[in-house]
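Thanks for coming. I will go through one structure this morning, starting with its sheet and then turning to a helix and the core. Here it is on the screen.

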Amino acid sequence: MNPLLNPMTSIPLAINFFSAPKRLHRFSREKMEKYRDKAFRRVVEYAYTVPLYHKKYKAAGIHPSDIRGIRDIGKLPFVSKEDLIKNFPDGIIPAGCNKDGVHVVSTSGSSGKPLSIYTDFYTMVTAIGPFMRELNIFNLHWRKSKIAHIGNFGQNKIDGVVKRNVLSRVKLLYSSNNVLLLNAFDPIKEIINKLDDFKPDLITSYPATLQHLAYFKKKGFGKNINPQLINSGAEVLDEYTKRYVEEAFGCRVLNVYSSVEAGSDIAFECFEGTWHIHHDFFNLEAVDDEFEPVALGEKGHVVLTRLFGRGTPIIRYTGMEDWVTLSEEDCNCGLKTPSIKYGVEGRISSTVFLPDGRLFPSASFVFISSALNELKTNMVKQFQIVQRKIDEIDILLVIDHNLKEEKGPSVDALFEKIKEVYHKKVGAGVKINVKEVEEIKSSYGKPPAIVVSHVHPKEGYRLINQKI
Ligand SMILES: [Zn+2]
């Protein structure tokens, strides 16, 4: 049966569906704190019925009744990705749970073993809330605007699970004519033709896919693809790619921060460039290498708590591996939420460590934009920065040789400039190889990362500690 036809499910869902987007504007700070505390108590109580969490909380001497609100979050133990992997399947869902109503979603396993967790219909529908709110803020309409999402719809992939189990059932709420779901791994010309017929108001995809689309748009393909806005997620969007895509489509490109574990957008970039956290749906903490909280305004490893939903609870989860700097500064757009200063700075596994003890999160290591901006060229179709060893970095470029630029630089001049920019940043002790390649290969069912590091974070930290 369609769960929406059951009033026990559909009434609370409908209330949530329509009230969630407005909550940030409507609630005072005090009311929001109360709301978050209550949601947090509820997820902790639920987690206590899940063997992994139950065991951890017992071992730490914590009972849900000790938790009065978010301020007590520090009493709870952390949960790592390994914890979830080791305890799958029976340890990460309430004991005796009927598995008919739940679905498995998996990550692509880019760093080792893929992670699988459980979700259910209620959780997936609630998770549409942050997205509805974003549409509202971006002046788009959830029923009238045409939304194209280019993602990964494979078996057990979050996009695919939502498509099969939620979007097919919420036609009562949503007109399916206004949503187009495409696979990022389909041939690009096919994607362009479908987008051209659909004429989207909003496109959501990965930076590498957007860059690819922008390249063809600049070549004159997809005349009817003129969105009002583009959202980029799942990977760090660097300044060069952002500018390139904005130029090609003539609209803003804004970041969204989501993850499979979150099942939704955790944060989004507003028109003012602030990354607002959907803090009625999620709580973020930033901690250091010893798992001690860092002060507001300081960079740390992200720790995620999902304040809603069933299936596998996500409480004080450390497995997302992103660097964040949390802030409570006001934003000119008027939204009052905590935010991520400078945006999400990339995966810890792709952090670049230098021999002098400096560390660069991947997003802060894309200096290539400044070289390309200075030379005023668009000839780089795609690029990737690969740290081979602590003192050797490859910069791979895919060059568009067909591009006719009025006063463009030569390829050699471009290579020299990029090398110079990087040498200035990293120091003379690091070898920089700028290379032209035919294509940048992807693996793990995700478009290629912009920064890849083969230096293990452990090795990097060892070096940093030696220097301090
Ligand atoms: Zn804002």
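The sheet is open and has 11 strands, in the order E4-E3-E5-E6-E7-E8-E9-E13-E12-E11-E10, with mixed pairing. Strands E4 (179-183) and E10 (282-287) are at the edges, and each has a single partner strand, so one side of each lacks a neighbour in the sheet. From one strand to the next, the twist averages 35°, with axes taken as lines fitted to C-alpha atoms and angles running from 0 to 180 degrees between N-to-C directions.

Before I go on, this is a predicted model: local features need pLDDT of at least 70, side-chain atom pairs count only at pLDDT 80 or more, and totals for chains, interfaces and linings use all residues. Residues are numbered from 1 along each chain as its sequence is written.

As for terms, helices (H or I, at least four residues) and strands (E, at least two) are DSSP runs numbered from the N terminus. Two strands pair if DSSP finds at least two bridges between them.

Now some of the pairings. Strand E3 (residues 147-151) runs parallel to strand E5 (residues 202-205), and 3 bridges join them; Ala 148 has Ile 203 of E5 as its bridge partner. E5 also pairs with strand E6 (residues 229-232), in the parallel sense over 4 bridges, and there Ser 205 is partnered with Ser 232. With helix H9 (residues 207-218), E5 and E6 make a right-handed β-α-β unit; right-handed means that, with the strands pointing away from the viewer, the path from the first strand over the helix to the second runs clockwise. Further along, E11 (residues 299-306) and E12 (residues 323-327) pair in the antiparallel sense over 3 bridges, with Gly 300 partnered by Val 324.

Next, helix H10 (residues 239-249). Its buried residues (20 or more other C-beta atoms within 10 Å of their own, C-beta atoms being placed from the backbone) include Tyr 240, Tyr 244 and Phe 249. Among the elements covering them are H9, E6 and helix H11 (368-375). Just after H10, Gly 250 takes a positive phi of about 65°.

Last, the core. A nonpolar core is a set of buried Ala, Val, Leu, Ile, Met, Phe, Trp, Tyr and Cys residues joined through C-beta atoms within 7 Å. Of the 105 residues in the largest one, Leu 304, Ile 315, Ile 368 and Ile 395 touch the most other members. This core draws at least three residues from each of domain 1 (3-341) and domain 2 (349-467), the bounds coming from an automatic or database domain assignment.

How values were computed: A residue is buried if 20 or more other C-beta atoms lie within 10 Å of its own, exposed if 12 or fewer, and partly exposed in between; C-beta atoms are placed from the backbone. Two residues are in contact if their C-beta atoms, placed from the backbone, lie within 7 Å.
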